[in-house]
Amino acid sequence: MDNQAFEMHGESIQSSSKGEEWPKKEERKGSWSLMKVFLVCLLACIITTTIGVLALSLVYVKNTAFMKETGVTDDGATSPKPDEKSVDIKYQFLNHLGKSKVYNYPGGEIQWARFRKNINEYESDEEMEFGKSINKHGSKMTFGTLRIKSKGLRAPHWHFNANEHGYLLQGTAWIGVIGADDSVVTTYNVTAGQVIFFPRNTVHWIKNVGSEDCVFLLFFTTHEELQTLDVDDAFFSTPEDIAARALKPQGGVNFIRTFKKQAEDQAINLPPNLNELVQNATYVQSPDKLVWQYFYDLKGSAKYPFPGGIFQWARYRINGTGLNETEKIFSESLNKHENTLTLATLRIFSNGLGQPHFHFNANEMGYVISGCGQAGVILSGVTANFNIGIGDVIFFPVGTQHYIKSLCDEDLLLILAYNTGNQLETLRMNDYFHGTADHILAQLFWKEQAEFKKFPTPAKKSGK
């Protein structure tokens, strides 16, 4: 209402009689009441609308975030995140070692299937998936291949956090191991198909004494990064006067100062002037009682056949059951040291099957030496089936059911490691299926009890 209208309205009230004034006051009050109701309703509408808009916005934002997170598009389809690649679940159990980085040295090369703290050191997302998996499951296993050229030397070294188990795939080597306290030195020769063992923190070396390359398949009992110290690195990191006082050479500290550290890593060493440096090399074999603590003739050991193939074992057996006198020394050595491994070669005949089974007390890791096949693993909530070939590394966590099948015309051959120095404990599918009462199976699978008589009783056999 403007001022002029308000003044005219006031004059009309003053000119009126008292009896005429009261009705107009009541009329004005009534109009103000209606105005108040209108304003309250308008305010309520504004508040309600605002709340509704905010709620819808919040739902939209949450839904959009969820769709981005899950990769669902507006039409309900799924799409990968723009900044993220999905990795096939099989790479939790499979590593294509041939695609990994090759570490080259003057005397040979090394490749690894292992965990890395620095993710940038992985060659691929698939390799990282495998490394994370063996670490997450506490596998206590890392795998590597070591190639040493003829006359090459894996420098004397020791590992802080792992025992080392190796299988010589090719070549001839001379091994040295130095024990604790009394510094007993054990040296021995190995040929293809034999196993070597170096307990944690024992100084050891490997010298290729043949005309062809040595190829070792190595397992280390750690799922963390392997910690190693070479003797030459230890020497050059020690103050010269301290080294002189410890080693007491002729010429004292002046002689120590004549040693020169090589410009590159000498982990696998092969100097170009080796013939000038070494005049007389002798490769002595220590007594059996010393050698068999660190050595096992796997290719000459007993064979354990099963319907699909053959096992051979380098393992601990309670009371030395089935072992000869020298094999018992190795068996007791494994059991004496902490966190050691059981090794085996598994040969699966063409189209044969290593049936589904699981291990109570060990993770399993393996390397495909020859042939091709299929592996499968069932973990809680995870099932994976995948093809395997030469150079692949497989991993089965403890308690997971797994199988290996040969798919080629030739046999499938693997070297396997289990992280136990005790007797391996295994249960196969046919054993636990037959061991479950028929009436329990009938109720579980909704089949008549008599039908379970169709499954033959498994024969008792040695092996895995």
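Cys-372 and Cys-408 form a disulfide, with their sulfur atoms 1.5 Å apart; a disulfide is counted here when two cysteine sulfur atoms lie within 2.5 Å. The structure holds 1 disulfide. This is a predicted model, in which local features need pLDDT of at least 70 and side-chain atom pairs count only at pLDDT 80 or more, while totals for chains, interfaces and linings use all residues. Residues are numbered from 1 along each chain as its sequence is written, and side-chain values use heavy atoms, with hydrogens and water left out.

**The disulfide**

- A disulfide is a covalent bond between the sulfur atoms of two cysteines.
- The link of Cys-372 and Cys-408 is right-handed, with 110 degrees about the S-S bond.
- The pair joins distant parts of the chain, 36 residues apart: Cys-372 is in the loop between strands S19 (364-370) and S20 (373-379), and Cys-408 is in the loop between strands S23 (401-406) and S24 (412-418).
- Strands (E, at least two residues) and helices (H or I, at least four) are DSSP runs, numbered from the N terminus.

**The sheet**

- An open sheet is formed by 7 strands in the order S2-S3-S4-S11-S6-S9-S14, with antiparallel pairing; two strands pair if DSSP finds at least two bridges between them.
- Strands S2 (103-105) and S14 (295-296) stand at the edges with a single partner strand each, so one side of each has no neighbour in the sheet.
- Strand S6 (residues 164-170) pairs with strand S9 (residues 195-198) in the antiparallel sense over 4 bridges, and Glu-164 stands opposite Phe-198 in S9.

**The largest pocket**

- The largest pocket holds about 1100 Å³ of space.
- A pocket is an open set of points on a 1 Å grid over the protein atoms alone, with protein on both sides within 12 Å along at least five of seven lines; lining residues have an atom within 4 Å of a point.
- Grid points are joined across faces, edges and corners, and a volume is the space filled by probe spheres (1.4 Å probe) set on the points.
- Of its 34 lining residues, Leu-153, Asn-269, Pro-271, Leu-274 and Leu-277 are the closest to the centre of the largest pocket.
- Helix H4 gives the most to this lining, with 5 residues.

**The second largest pocket**

- The second largest pocket has a volume of about 410 Å³.
- Its lining has 23 residues, and those nearest its centre are Tyr-105, Ile-110, Trp-112, Arg-154 and Thr-228.
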